[in-house]
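Dear colleague,

Please find the structure below, followed by a short account of what was found in it.

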Amino acid sequence: MPEVSIRRIVLNDFSALHLLFGNLDENVKIIEKNYDVSISSRDGEIILKGEEKQIDQVEEVINSLIKTIQSGEPLDRQRVNYVIQSVNVGDSNQLENLNKSFICVTSKGKYIKPKTIGQSHYIRAIQQNAVTFGIGPAGTGKTYLAVAMAVRAFKNNEVSRIIITRPAVEAGESLGFLPGDLQMKVDPYLRPLYDALYDILGADTYNSYKERGLIEVAPLAYMRGRTLDNSFIILDEAQNTTKEQMKMFLTRFGFGSKVIVNGDVTQIDLPSGKKSGLVNAVDVLKNVDGIKFMFLTERDVVRHELVKKIIASYDSYEKKQKFIDEKKMMNQKNKNLTRKNKLGN
C-alpha cells in the first residue's frame with residue numbers, strides 16, 4: 001500500500017476558491033476522477049490527500065486552474081480536462097502562455113485568445129510566416145482564429161484588406177441547379193466565414209467594410225488571374241482544392257500579403273481519383289522557407305467534449321481499416337505470386 005500524504009495549498013481568495021471547485025464541486029470531481037487523490041477545502045486552504053506523486057500532479061493542475069481564474073478566463077469542464085491532459089503529458093509549463101495570449105476583441109467585447117497549446121503555436125506561426133497551413137480536424141478553431149488574426153492585422157494597418165475564400169466543391173463546382181445569381185449560389189458554402197466575421201466585427205461594421213471593398217468573401221474561382229498585394233488572404237476548406245487550384249491560389253499573393261491555408265485532410269469531398277491540393281502541398285512545400293505547416297489534433301478541439309471522442313474513434317477505426325486493407329492487399333499479392341510460380345513450373 002502506498003503511503004498516504006497530506007498537502008495544503010493556501011488560497012485566501014474565497015471567490016477564486018469557489019470558481020475553482022465549481023458548482024456542486026463539479027471541477028474537483030473531474031480532478032478526483034483522474035487521480036487517486038481526495039480534495040477538500042477549509043478556511044481558505046485546499047487540502048489534498050493521496051500518494052505523493054499523484055498529489056504533485058494534482059497540485060500542478062490546481063495551480064494552473066487558479067492562474068486561469070486570476071487571468072479572468074472562465075473555468076468549465078473542457079478547460080479542466082484540457083489542463084489535466086496537459087499535465088499528464090508534461091505540457092503544463094506552456095499553459096501559462098495561454099492566459100497571456102490575446103488576439104483581438106469581438107464586437108460584443110469578448111476577448112479572443114487561443115484555448116489550447118496547439119492553437120497558441122498556430123497563432124505564433126501566422127505571426128512569424130508569410131504562408132501558414134493550419135491542418136487539423138473540425139472544431140480546432142482554424143477558421144475562427146485565422147479570421148481573428150486577419151481582423152487584427154487590418155485594424156493595426158498591417159494590411160489594407162481581407163480576402164477570404166473557399167472552394168464550393170460540395171456542389172461539384174456545378175452550381176446551376178441552385179436559384180439566384182452566382183453570389184447567392186455560393187453563399188451557403190461561405191456561411192461559416194460570414195459567421196466568423198459577423199461575430200468578430202459585428203454585422204454593421206462587416207457590411208460597411210464589404211461595401212468599401214475592404215473585405216471580400218468569395219469562392220476560390222474568383223481568385224484566378226488576380227495579384228493580391230498588401231492583403232490578408234485566407235483559404236478555408238483547402239482539402240477540397242485540386243492540385244491545380246492550390247497552385248493557382250498560392251501564386252496569387254503579392255507584396256505585403258499574408259496567407260493562411262486551412263483544411264481537414266480527413267474530410268475530403270473531391271471526386272474519387274482526384275488528389276487533394278492540400279495533401280499535395282504538404283509534400284511539395286514542406287521544405288520551403290517562409291511556409292509553416294501546423295498540425296492540430298483532437299486535443300485542440302474546443303467544441304463539445306464528445307467531438308474529441310468522435311474524432312478519436314474515427315481515427316482509430318480508419319487506422320484499423322487501413323491495416324486490414326493493407327493485409328488483404330498483401331495476401332492477394334502473395335496469392336498472385338504463388339499462382340504465377342505454379343504456372344511457371
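Beyond its neighbours within four places in sequence, Tyr209 is in contact with Phe154, Leu201, Leu214 and Ile215. Please bear in mind that this is a predicted model. Tyr209 lies in helix H9, which covers residues 203–211. Its relative accessible area is 15%, and because buried means under 20%, Tyr209 counts as buried. Arg161 is 48 residues away from Tyr209 in sequence, yet the two C-alpha atoms are 9.0 Å apart in space.

A second residue to look at is Asn280, in helix H11 (residues 277–285). With a relative accessibility of 19%, Asn280 is also under the 20% cut-off and is therefore buried. When neighbours within four places in sequence are set aside, Asn280 is in contact with Lys243 and Lys275.

The model also contains an open sheet of three strands, in the order E1-E3-E2, with antiparallel pairing. Strand E1 (5–10) and strand E2 (37–42) form the edges, each pairing on one side only. On average, and ignoring direction, neighbouring strands of this sheet are turned by 20 degrees against each other. Val10 has Glu45 in E3 as its bridge partner. Helix H1 (residues 14–21) packs on the sheet, where it touches E2 and E3. The direction of H1 makes about 150 degrees with that of E2.

Yours sincerely

Technical notes: Residues numbered from 1 in each chain as written. Predicted model: local features only at pLDDT ≥ 70, side-chain atom pairs only at ≥ 80, totals over all residues. Heavy atoms only, no water. Helix = DSSP H or I, 4+ residues; strand = E, 2+ residues; numbered from the N terminus. Buried < 20%, exposed > 50% of the residue type's maximum accessible area, 1.4 Å probe, protein only. Contact = heavy atoms within 4.5 Å. Pairing = 2+ DSSP bridges. Axes fitted to C-alpha atoms, helices over the stretch in contact; angles between N-to-C directions.
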